[in-house]
Amino acid sequence: MDRKLKNKSNGTMESDKGETTRLAKDLSRPVKLVMMVLTSVLVVVTDLWAGLLGSAVFRRHFHLLLSGVVLFGPALSLWVSKYSIFANRNHYLYRMFLRSGWGWTCVFTGSFIFLLSFSIRRSLALSLRHLSRIAAVGALWWGSRSLLTLLENMAGSCYEPMPATLDGGLNLGQGAGVPGKSLLLLHEGESKASCLKAGMLWRGWEVSEDALLLCLCCLLLAEETAVLGPYLALGGPSGPPLRLLFLLCVSLLGLWLFLLLCLLAYFPQFPSQLLGGALGCLGWRGMYQGWYRMQPSWCCPGWPGEGLLTTAQREPYSERGVHDVWPKD
């Protein structure tokens, strides 16, 4: 009797397990279908953007497009509304991204470069060599900021607005002031930061650091992400993490272009922004079109993709030459 009850309970447990397994399989089918669809969309979108960014036409003319945006972007101020949310300097996008633009660019681009290079060659030294390009551009950005701040402090002057009296003199608390009129009292030895912090006026030339940073980051992202197109064309394996990182870099590039247009349209400062954009393009040309074209060594990190891409004959990318796989300018 006990044996029959035990066999019956075992059969019930096995049927319950079978039912649970069948339900789990039924529930997993929609999940697998959704994952397959999302993976397919990820692959298609990544291939399209990688093909665009890796094309010779885009790489040869993107800096011209960016120069045109900086040159003619202020003309958009004639059509935009001053009541737009983007006309507020305290907008979320400006506070969250623009003020830490280099940090966002460094994190996303550095992660993409490291994952791509390490997954191909499994060499930490080679990955660090490619990452050193980001460090070099960061040093250029820090040095440019320091030099521009020094030049602005040397060339500018700090003034304190003072109300004028009826006879045109300076009102030091005696006599009635003239509404709407004021004189400027010069304060020597003040830096631009301390002058503006004290609520005074700073007069002098300046270069837009925002325009410089955005142009430099756009060109850096375009150069570093362009390597994925030739890599996929050669049949290189690419998992979802690499593709997601690439799309994040592409999204960041689009965001920097949008913020650059917003700055030029809502806060035009000519020729400050033009000078900043020109210096950003000049820094890119000196690094990516000059220094990084040299033979890789201890003093040169090399071109993006150098030593990583291989052809169908398994010949190294650096041995066949750049023009066979990825034409330069």
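A: Helix α2 has a kink of about 40°, centred on Phe62. The bend at a residue is the angle between two fitted axes, one for the seven residues ending there and one for the seven starting there. Before going on: this is a predicted model, where local features need pLDDT of at least 70, side-chain atom pairs count only at pLDDT 80 or more, and totals for chains, interfaces and linings use all residues. Residues are numbered from 1 along each chain as its sequence is written, and side-chain values use heavy atoms, with hydrogens and water left out.

Helices here are DSSP runs (H or I, at least four residues), and strands are too (E, at least two), numbered from the N terminus. The 17 residues of α2 should span 24 Å at 1.5 Å a residue, and the end C-alpha atoms are 25 Å apart, which agrees. That expected span is 1.5 Å times one less than the number of residues.

Now for what is tucked away. Buried means under 20% relative accessible area, exposed means over 50%, and partly exposed is in between (1.4 Å probe, protein chains only).

The side chain of Arg59 makes a salt bridge with that of Glu223, 3.3 Å from N to O. Because Arg59 sits in α2 (residues 56–72) and Glu223 in α7 (residues 209–225), the pair ties together parts that are 164 residues apart in sequence. Glu223 is buried as well, at 4%. For a salt bridge, a side-chain nitrogen of Lys or Arg has to lie within 4 Å of a carboxyl oxygen of Asp or Glu, and by this rule the count comes to five.

Helix α7 turns up in other pairs too. Arg133 and Glu224 meet in a salt bridge at 2.8 Å, N to O. With Arg133 in α5 (residues 124–155) and Glu224 in α7, that pair ties together parts 91 residues apart in sequence. Arg133 is buried, with a relative accessible area of 1%, and Glu224 is buried at 1%.

Then there is Asp210, which forms a salt bridge with Arg89, the closest N and O atoms being 3.6 Å apart. This pair links Asp210 in α7 to Arg89 in the loop between α2 and α3 (92–96), 121 residues apart. Asp210 is partly exposed at 25%, and Arg89 is partly exposed at 35%.
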